[in-house]
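Visitor: Please put the sequence and the model up first. I will then ask about it piece by piece.

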Amino acid sequence: LATSPYILVVSSAVPATMVEEFTAWARARPGEVNYGSSGVGTTPHLTGALFNALAKLQMVHVPYRGTGQVYTELRRGDVHALFDTPSTAAPHLASGAVRALGVGGPVTSLAPGLPPISRTVPGFGSEVWFGLFGPARLPPALTAKLQAVAIGAARDPAIREKLAGLGAEPHGEDGDTLQRVATEERERWVRLVHELGLKASD
């Protein structure tokens, strides 16, 4: 139905205004730079771990019980970085206490002016996606009807405008596409967890 990309947010205490400056700064400080998340195993945690691996950094993960706590520490400069969605980050960015460096997807109106992180860190990408699911044995006729309604809603100008205001980019694709995306995403993150040996204590 819709997606929202993650953006890289850093504390104003971090001497970087571009992704390449941040990676160079962090690379020169192995084990000293950290990134916060809303908890172990959350997508912001795994997004940071992916960035860490692809950029060849040694940032330390600091889990919190919610994004609000991370921003408190970001403003203090005790946490250096966070991956968050544009809508959640917007009020904090407006305060000037934190700054956004790049977006985890292609250039988007949801994060105007931010370059794709993949330009600096090839292969990087991460976004939140929203889909409509139902029971496995849902009758085909009902499945088709629900798909048609959902796709129609995602293509309705008023709903598209509403979604954009909530920080989401409408798509309106069919169930087969959603199934493929869901499967690929699961496989991708499971593979990352195994490759990095991430555990519940990380």
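**Helices, sheets and loops**

Visitor: Is A164 buried, partly exposed or exposed?
Guide: The relative accessibility of A164 is 40%. Buried means under 20% relative accessible area, exposed means over 50% and partly exposed lies in between, with a 1.4 Å probe and protein chains only. A164 therefore counts as partly exposed.

Visitor: What kind of model is this?
Guide: Residues are numbered from 1 along each chain as its sequence is written, and side-chain values use heavy atoms, with hydrogens and water left out. Local features need pLDDT of at least 70, side-chain atom pairs count only at pLDDT 80 or more, and totals for chains, interfaces and linings use all residues, since this is a predicted model.

Visitor: Where is A164 found?
Guide: Helices are DSSP runs of H or I with at least four residues, strands are runs of E with at least two, and both are numbered from the N terminus. From A164 to A153 there are 11 residues in sequence and 13 Å in space, C-alpha to C-alpha. The element that holds A164, residues 157-165, is helix α6.

Visitor: How are α2 and α7 oriented to each other?
Guide: Two packed helices are described by the angle between their axes and the distance between the axes. Here α2 (residues 43-54) and α7 (residues 175-196) pack at about 60°, and their axes are 11 Å apart; axes are lines fitted to C-alpha atoms, for helices over the stretch in contact, and angles run from 0 to 180 degrees between N-to-C directions. Under 35 degrees counts as roughly parallel, over 145 as roughly antiparallel, 65 to 115 as roughly perpendicular, and the rest as oblique. The relation of α2 to α7 is therefore oblique.

Visitor: Which residues of α7 does α2 meet?
Guide: Contact means heavy atoms within 4.5 Å. On the α2 side, the residues are T43, L46, T47, A49, L50 and A53. In α7 they meet R188, W189, L192, V193 and L196.

Visitor: How many nonpolar residues are in the contact of α2 with α7?
Guide: Ala, Val, Leu, Ile, Met, Phe, Trp, Tyr, Cys and Pro count as nonpolar, Asp, Glu, Lys and Arg as charged, and the others, Gly among them, as polar. This contact has 2 polar residues and 1 charged. Its nonpolar residues number 8.

Visitor: Is S126 buried or exposed?
Guide: S126 sits in the loop between β6 (98-103) and β7. Apart from neighbours within four places in sequence, S126 is in contact with P5, Y6, T43, T47, G104, R188 and W189. At 2% relative accessibility, S126 is buried.

Visitor: Which residue in β7 is the bridge partner of T3?
Guide: Both faces of β1 are covered, A2 and S4 on one side and T3 and P5 on the other, all buried. P5 stands opposite E127 in β7, and A2 has P170 in β8 as its bridge partner. For T3, the partner in β7 is W129.

Visitor: Which are the edge strands of the 5-stranded sheet?
Guide: This open sheet has the order β4-β3-β5-β2-β6 and mixed pairing. Neighbouring strands in the sheet are turned by 30° against each other on average, direction ignored. Pairing on one side only is found for β4 and β6.

Visitor: At what angle to β5 does α3 run?
Guide: Helix α3 (residues 67-76) lies across β2, β3 (34-37), β5 (81-84) and β6. Its angle to β5 is about 145°.

Visitor: Is K56 buried or exposed?
Guide: K56 is in the loop between α2 and β4 (60-63). Its phi is near 60°, a positive value in a residue other than glycine. With a relative accessible area of 67%, K56 is exposed.

Definitions and conventions. Pairing = 2+ DSSP bridges.
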